[in-house]
Amino acid sequence: MLSKQRVMAAARWKEVDQIPIFANKSPMGPKLIGRKLNRAFFLDDAAMTSSEMALLDLVDDDVVCLNLAPALQDVLGARLVWPDNDHPQFGAPTISSLADVQELADGLEPSRVIQNEFVQALLATTRAVKKIIGETVALEVNCYGVFNLAARLMGLERLMGATLRQKALVHRLCDLIAGTQVGLAPHFVDAGADILSIGDGMSSPACISPRVYGEMALPYLTQTIQGFRRTGAITLYHPCGGEYPIIDQVGQTGADILYFSELVDLDVAQKIFARRHAVAGGVDPVHSLFMGDERIIDANIKQIIKKLKYKSGVIIQPGCGLSPNIPIINLQTMVKSTRKYSKNMQ
Amino acid sequence: MAKIECLHYEAEAPVSPGGQDYPRALDLPPDAGRMGLEGKESLFQAMAKAVVDMDEDSSARLSEEAVRRRYDAFEAIDQGLTKGMEQAGRLFEEEEYFVPELLLCADAMDAGVEVLKPHIKKVDEEAKCRIVLGVISGDTHDIGKNLVKLMLNSAGFEVIDLGRDVDPEIFIDRAQEAGARIIMISSLMTTTMEGMLDVVKILKKRGLRDQFKVAVGGGPVSQAFADRIGADAYSPNANHAVRLAARLSVELAGDGTGELAGNL
């Protein structure tokens, strides 16, 4: 099977030749082409394309994943801090009241959103990558979920307090963010994206209670995923962080693939969601991929695959996004071990 | 929604993350309302409950009542508000409370402390255990650090908060300046975790390693990582950080320096 066929089959619980593997490799790419993961990189479609292709050659996993999060944060007017060589971080709040949200909404005309320089760069990258990989490898466009983005606009502490004291503000902001995400989705599918995904650690039980999640985050995560689904793309949702307390709720998003952190046992998740949702995750990004070596990673993958009941409906993936200092050889080991142990699995 | 009677006025009890009324942190005497919380202990219990219930108004009013009755302000903080924050910390550890609830409990505690602070008699500043706390350079994620700070403060530790994106040298310089012997470092990213190692290395290079306890924490940090970089301790969450600080300060006291373990 080609990589894309394998991924699509796994997402739909159809027969696969081996378990697909998503390496979360993108942050390591800039270094390969002599660049840094910084603001200029995210505005340079040629660099992003070269970076992804260089990584795909080296790591040889089953997906190319492009990062829409910086673009979406810029669209929403987030004030970011750009480290020398890492993902952008929260700088200062821009939203503190309903009036601020209204002002933001007034400026989010679809024509302006699509013309955003980061959005344009990523659309160009999506087209260029698709032209190269065609239908051989799955192409994913990933962005933050509503709470992650709201935290970038309000500041995390203020957002956390607002979930209990300024509910109307959080609802309005999340609705606006979800609408913006959904509005952008068809453009990326037209450009070649096969999978649209969101990751939202700030609405996970690492931050908020299952009750607040159900009341304030889930409706908008669902709005985003359902909007993505209407484009015909495969959808993936990553509720990043200690997900067991909300495991009964995450399926309500309707995402085709539920991607869990390593804190959720992949085999347990697979049984819970069997034939309803595919599941992804399993690999410990810190102890295995950052601190570990070939032996540790191989043992980690072997153990994960050994415990799985089904060969389909599952994707092996690091439990969280990775930083650029993960050794590429560790990602290569993860891919090789996944193929080695899943090929002959019944 | 349940009503809790405190000092002849009523406060609405918020609903817990689980959907039920919040657990009673410290049971008031059944007739406390009718009694008007006459006893000191009853008042302190009500103050603790106001913190657990995230009720800033009650916390402030009960603290005003403690002042009116001429109770020792430090004792009111220590036996009332702090007990409430300790209970909130336990509920956080038990996943009954989450980050928003803990932050609002801290707001309620602050509301009471603001009332009581001007009435605190002279505190022996030298006797307080000082901790230098910050997020390592390159990292601006500070909510975990802020939770640790509020829990340490409420436990009576003096926290020198260096903020986020802090250079390793600064941790040591500021600890030396402040006479703090515990350095707590947070990081959320694998790219910045190695900066924690730099703190340990610089301490060794300056010949100061034995004089400080270094504790680390944050999303990707673990005991294994703490061991690898030669840190003295690792804390998985904010509430644990308080017990950890207490242990480290006891260990420091054991070396003859007379450090105290906050209020623990």
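**Close-up views of a predicted two-chain model**

**View 1. B:Glu65 and its salt bridge with B:Arg69.** B:Glu65 has a relative accessibility of 12% and therefore counts as buried (under 20% relative accessible area; exposed is over 50% and partly exposed in between, with a 1.4 Å probe and protein chains only). The closest N and O atoms of B:Arg69 and B:Glu65 are 2.7 Å apart; a salt bridge is a side-chain nitrogen of Lys or Arg within 4 Å of a carboxyl oxygen of Asp or Glu. This is a predicted model, in which local features need pLDDT of at least 70, side-chain atom pairs count only at pLDDT 80 or more, and totals for chains, interfaces and linings use all residues. Residues are numbered from 1 along each chain as its sequence is written, chains are lettered from A and ligands numbered from 1 in the order in which they are written, and side-chain values use heavy atoms, leaving out hydrogens and water.

**View 2. A salt bridge between A:Arg35 and A:Asp44.** Their closest N and O atoms are 2.9 Å apart. A:Arg35 is partly exposed at 29% relative accessible area, and A:Asp44 is partly exposed at 22%.

**View 3. A salt bridge between B:Asp107 and A:Arg165.** The pair crosses between chains, from helix α5 (residues 99-116) of chain B to helix α10 (residues 156-165) of chain A; helices are DSSP runs of H or I, at least four residues, numbered from the N terminus. The closest N and O atoms are 3.6 Å apart. B:Asp107 is partly exposed at 31% relative accessibility, as is A:Arg165, with 41% relative accessible area.

Methods: Helices (H or I, at least four residues) and strands (E, at least two) are DSSP runs, numbered from the N terminus.
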